[in-house]
Every structure is written in structure tokens, then in C-alpha cells.
Amino acid sequence: MEDRQATGGATTKVRANGTPAEATLSTTTGGCPELRWRCAGATVERSLSLEADVLGAEASGKEVVVCAFVVEDAARPPSCAKAGGKRRRREYVFEMADGEGAAAAWGETLRGCLDSFGRPKRLFVLINPYGGKRRASKIYEAEIKPLLEAAGVEVTMQETRYRGHAREVASSLDRARYDGIVCVSGDGVLVELVNGILQRSDWEEAIKMPIGVVPAGTGNGMAKSLMHAASETCSVSDAVFAIIRGHSHKQALDVCTIVQGGKTIFSVLSTTWGLVADVDIESEKYRWMGSARFDFYALVRIMNLRRYRGSVHFVPAPGYEAYGDPVKQAETPIVEQNGESQVCSYQGPRAEFQCSDWRSINGPFVGVCVYNVPWAAENAMAAPEAKFSDGYMDAVILKDCPKADLLALLLKMSDGSYVKSPHVTYLKVKSFRLSPGQLVEDPKRGGIIDVDGEVVARGEGTYGMIQDQDLMAYGPSVQLTVHQGLATVYCPK
């Protein structure tokens, strides 16, 4: 790389990691502020983008230590924006020839520039020590904490102790003390956080607080969706760096309200019934296998395929009006205000549809899924057309399908191409109503309704069935309606 004229900063003699060099700290250009240096005898000028590469900087004596998160490539500048490969944390030590005063000035300038990016300074971190292979706490200590410390982020860390704990924490958290919340888990803690926030009396302000998602669980669908959208790898360190970069790297996120009678919950990932729900929940007994449990149990279920009676009603998005059959009269669910629903301050979007807006598809079904983001897990692109904040849900409906074709569809889940199969109905919807029925093969047995990886309703004879344990009943209709861009998450781009 050819040398360039410094703009907005004078060239200074330094020792860069012990090697004589000339360095320029440029902070007043029209582009991104950067630190550039050329070592004696080198033909390549190296550079760090302060916004895209640098975690933090500190002056000590005659030295300025710059902590960066970069791709190491001996033939190219160590800039994440310019090189491919895995990023790593690395320190660059610049010993100033002009002494301590020059080092102090550089340190102050670097910190001032980093502060101007609006990065989060105080984060509340929730760790699920039981998720996935129970490694979240170790991941935090080994990979997450060092990056946050290098960026000068003040962290309050708490581990969840039981199911629903994250929801309780979010419902009472002093949001004025933090710039954002970080989930170190699979998708479960994120879902609990959103539900807890929407229980608050100040939910309208609380839901604006950005949420960071670090993949440390089994599925990691949200983390994968966010990282893939920015063409980044779904890794712990990349996810943490996206959170550190903070202010300019946020994404609005649709939130789905799910209602049955007077009971309401909120979803950010998916609602499934049939094959996918059965695999997700019944494979819990194989959790020790990690994410491989899904593929293994999917094969088991396909070999012993179930079909469920039932029906779905939906209001199609523009361009999808031809799907299904017209509905003469659609049942409009009434959200009753009872003791359970009153604890939730947010009551869902105010959406009214005419009877003529609704369409329907009748079963039997192999499976019905409604997605909010593209990836259901790190290796499953379940809804390739899903967007984070388009105001629509992506419905995937599977009716009769030969077992051999189902196996082929399973192999095509990794890139989303399975939705092109003639056996798959894929459409975008504004609202969706599921009326689940019994097994065709065993009319006494029902199915499972799975929302974001948790059972909300299960019929008689299903895995883990305990009477009155679940939030909703199996059989009565469940309605889903989306609120466009209600929540906010940190993202890489």
C-alpha cells in the first residue's frame, strides 16, 4: 500500500510494538477517524479504524496502548473492514518519541473520539448457566468479559437461577442505570427479557433500551439472524463487538403478540405446531447432544410421521392474497381483562381487520410455523424472506408430504431453499390464527404449541404433559398479531 498524506493529524515518531515507525492519528477527516503507521523499512502502511477496529485506548507514561479487535494478516493492514477471517483481540503499544506529554495527548484524543461514537458505557449482562451445554458462564469469563473490559464498559452481571428469572429481572430493572441489556444464552433469555419489559408500567420507554444477544445456547436463532444479515460469522466475539460498537449499530425488531382469551404472551422468534414443535420440545431428552439433537430427532419424527387435524386463518400481506380460501366470517378474539392479563402493561397492537381480509387453509397438517426472523437455529434458515422490522410474519405450512421428500427438505434447511418445494406453502401475513386439532393417527392425542422454544399449550398424551401447567389451553384458537419495530437489538451493521 502506498503512503498517504495525513489529514487532521501530524506525523509523529514512535516505536510501534518495539519497532521504529511514523504514526498519524487522524480524527478530523470527512471519513472514519483512523490511526495509521508505517514501520521503518516496511512497504505497507498499517491502519486501524477507530470506529470499526478499536475497543479502547489508554496512556501510561510514554506509551499509548490501543486495544483492537482485528483480523491478523501479515500481508495486509489489520483492519476488520479490509480483511477476511477470524477477528482477535490484540494490543498495539506506541511509545512516543516526544515523551509523556505527547502520550497523554494521544490518549485523550483517542478516548474522546471513541466516546463520540455513542458506545454503551454501562451494560446489564444476564447469563443463563443452564442453556446449551452449560458453558455460558465460562464463555463470559473467557471471551466476553475481556472484550468489555478493554472497551471500558462498566458491567453488572447476573446469572439466571430458574425459568422465568430473566422475565422477573427485566420487569423491575432500574433502566436509568444502564445503556443496554445483554443476553448470554440461547434465545430463551431474550424472549423472557422482552416479555418482562412489556410487563412494566413504563414499557413504552423501557422497550427502547437496546438488547444484545451473544450466542451461548443451543439454537441461537436470533444471534445467527443478526450476524448473517451483516455477513458476519455467528461467533461470541463478533456478537460482543457489535454490542460494544453500540449506538450506530442498532436494529428495530418486530414483536408478535399471541392471544388466547385473556392470556397474552409476546414472541420475537417463532410459533410452531406439528413437526417442528415436536422436534424442538421432545428432543429435550437429548440436550446433551447440543444442537445435533434437532437433526437426530427430526429423523426420528420423520420416520414416524404425525399429522394433525386443524385449521389456520390469516390476513395475507400484499402480494399473497391468492393463498388459501376466502373466509365468510372470521371470529375476532376478544382480549378479556382478567387478573393474568392485567400484569402486562402492553396489551398488543391495535389492529382491526375486516372479515373479507381473512383467508383460511384446512388440515390435516404435518406442521405449521410462523417466523419473525430468518434463522430458527444456527444451521436452519427457516424463513429466508423474513425481515426484522417489516411488520409481517412469515408463515410456513406443510401438509401431506412423502417421507423421502421430507428428508430432502430437512437437508435444504441450511440455506432456506426448502421453501421452494411444492409441498411447502410460504407466505407473509399481517395476522395469523391457529386452531390446533388432534392427531389423525390417534384422535385422543393432541399436539404441542411452541413459542420461542417454550411450550405454551399441549394436548393430551404429549411429551411432558402436566395438567394446568401451561399458559394456554390446547384446542381453542390462538391469534398472532405483529407490532412493527417495537423492540431494539444491537446488530453488527
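Helices here are DSSP runs of H or I with at least four residues, and strands are E runs of at least two, both numbered from the N terminus. The model is predicted, so local features need pLDDT of at least 70 and side-chain atom pairs count only at pLDDT 80 or more, while totals for chains, interfaces and linings use all residues. Residues are numbered from 1 along each chain as its sequence is written, and side-chain values use heavy atoms, with hydrogens and water left out.

**Exercise 1.** Work out which residues of α1 are buried, and what covers them.

Step 1: find the helix. α1 spans residues 100-116, and Gly118, with a positive phi near 70°, follows α1.

Step 2: pick out the buried residues (under 20% relative accessible area with a 1.4 Å probe, protein chains only). They are Ala103, Trp106, Gly107, Leu110, Cys113 and Leu114. They sit on the same side of α1 because their arc (directions from the helix axis to the C-beta atoms) is only 135°.

**Exercise 2.** Describe how α2 meets α7.

Step 1: compare the axes (lines fitted to C-alpha atoms over the stretch in contact, with angles from 0 to 180 degrees between N-to-C directions). Those of α2 (136-150) and α7 (236-245) come within 10 Å and cross at roughly 30°.

Step 2: list the contact. α2 brings Ile139, Glu143, Ile144, Leu147 and Leu148, and α7 brings Val236, Ser237, Val240 and Ile244.

Technical notes:
Contact means heavy atoms within 4.5 Å. The expected span of a helix is 1.5 Å times one less than its number of residues. Buried means under 20% relative accessible area, exposed over 50%, partly exposed in between (1.4 Å probe, protein chains only).
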